[in-house]
Amino acid sequence: GGENLAYLTNQNTRKNSRTSLHSRGSRRGSITPSLTTRTYSPFLNSMFSQERELAPEELEEIGEAFREFDTDKDGYISYKDLGECMRMMGYMATEMELLEMNQQIKMRFGGRINMDDFVEIIAPRLLQETSQMVGVKELKCAFKELDRNNDGVISGSELEFAITEMLGEELSKGDLQEMIRDIDLNGDGMVDFDEFVMMLSIR
């Protein structure tokens with residue numbers, strides 16, 4: 001939908017923000033990247049990388065598009081509908097990409113695909129796109145993944161759990177407090193959605 005077009009970050013804004021965040025760190029008298037930058041960069045990269053799992057909301061979006069084109073409700077769509085189905089989700093595949101996918105569907109699946117096959121075909125493209133361009137929808141998915149108790153903020157323990165889970169790194173209490181202090185703009189000791197978006201500029 002329209003949200004796909006409302007990208008919050010692009011290469012230039014990320015570059016500019018990264019510069020300003022580094023200069024913020026240098027005011028502390030440090031010429032090496034801060035702990036926050038060193039930890040968040042791989043953390044955010046793993047969250048939005050092409051290797052990650054699709055979030056439930058992303059799977060739901062794929063399911064909605066699939067059901068829209070499964071007009072006879074038999075659980076299958078034709079390869080002919082693939083391009084239109086992808087466009088509905090905001091993915092503008094080139095003629096060559098569509099040709100390749102259609103050939104794959106005809107060769108492997110006899111010209112018709114079920115929901116699982118559709119996910120298998122479209123997931124790599126979705127992950128590739130979201131790894132380059134992070135929009136409102138992707139940010140909300142990622143935030144919900146970290147906000148384990150759904151209270152609208154990411155606490156220190158939720159952040160610690162996510163970093164340990166994704167990077168396999170244990171953080172000391174001091175390190176954790178430093179990271180939160182770095183991005184906790186309103187000083188409440190939590191990371192809200194706006195502050196979470198700011199984190200992305202470190203990537």
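In this short talk I will walk through the helices, the aromatic pairs and a few loop residues of one protein model.

Before we start, please keep in mind that this is a predicted model, in which local features need pLDDT of at least 70 and side-chain atom pairs count only at pLDDT 80 or more, while totals for chains, interfaces and linings use all residues. Residues are numbered from 1 along each chain as its sequence is written, and side-chain values use heavy atoms, with hydrogens and water left out.

Let me begin with the overall picture. The protein has 10 helices and 2 strands, where helices (H or I, at least four residues) and strands (E, at least two) are DSSP runs numbered from the N terminus. Read from the N terminus on, the order of these elements is α-α-α-β-α-α-β-α-α-α-α-α. Of the 203 residues, 42% are buried, and here buried means under 20% relative accessible area, exposed means over 50%, and partly exposed is in between, using a 1.4 Å probe and protein chains only. If we take the contacts with a separation of 6 or more, 69% of them are between residues 24 or more positions apart, a contact being heavy atoms within 4.5 Å.

Now to a pair of helices. Two packed helices are described by the angle between their axes and the distance between the axes. How do the axes of α8 and α9 cross? Helix α8 (residues 156–167) and helix α9 (residues 173–183) have axes that come within 10 Å and cross at roughly 110 degrees, which makes α8 roughly perpendicular to α9. The axes are lines fitted to C-alpha atoms, for helices over the stretch in contact, and angles run from 0 to 180 degrees between N-to-C directions; under 35 degrees counts as roughly parallel, over 145 as roughly antiparallel, 65 to 115 as roughly perpendicular, and the rest as oblique. On the α8 side we find G156, L159, E160 and I163, which meet L176, M179 and I180 in α9.

Next come the aromatic rings, of which the structure holds 3 pairs. Rings of Phe, Tyr and Trp (its six-membered ring) pair if their centres lie within 6.5 Å, and planes under 30 degrees apart count as stacked, over 60 as edge-to-face and the rest as tilted. The ring centres of F66 and F118 are 5.7 Å apart and the planes stand at 45 degrees, so this pair is tilted. F66 belongs to helix α3 (residues 56–69) and F118 to helix α6 (residues 115–132), so that the pair links distant parts of the chain, 52 residues apart. F66 is buried at 4% relative accessible area, and F118 is buried as well, at 0%.

A second pair, F143 with F193, is edge-to-face, with 5.5 Å centre to centre and 90 degrees between the planes. Because F143 lies in helix α7 (residues 136–146) and F193 in helix α10 (residues 193–199), this pair ties together parts that are 50 residues apart in sequence. Here F143 is buried at 7%, whereas F193 is partly exposed at 24%. Ring pairs link F143, F193 and F196 into a cluster.

Finally, two loop residues. Most residues other than glycine have a negative phi. K73, in the loop between α3 and β1 (76–78), is not a glycine and yet has a positive phi of about 55 degrees; K73 is exposed, at 62%. N150, in the loop between α7 and α8, also has a positive phi, near 55 degrees, and is exposed at 60%.
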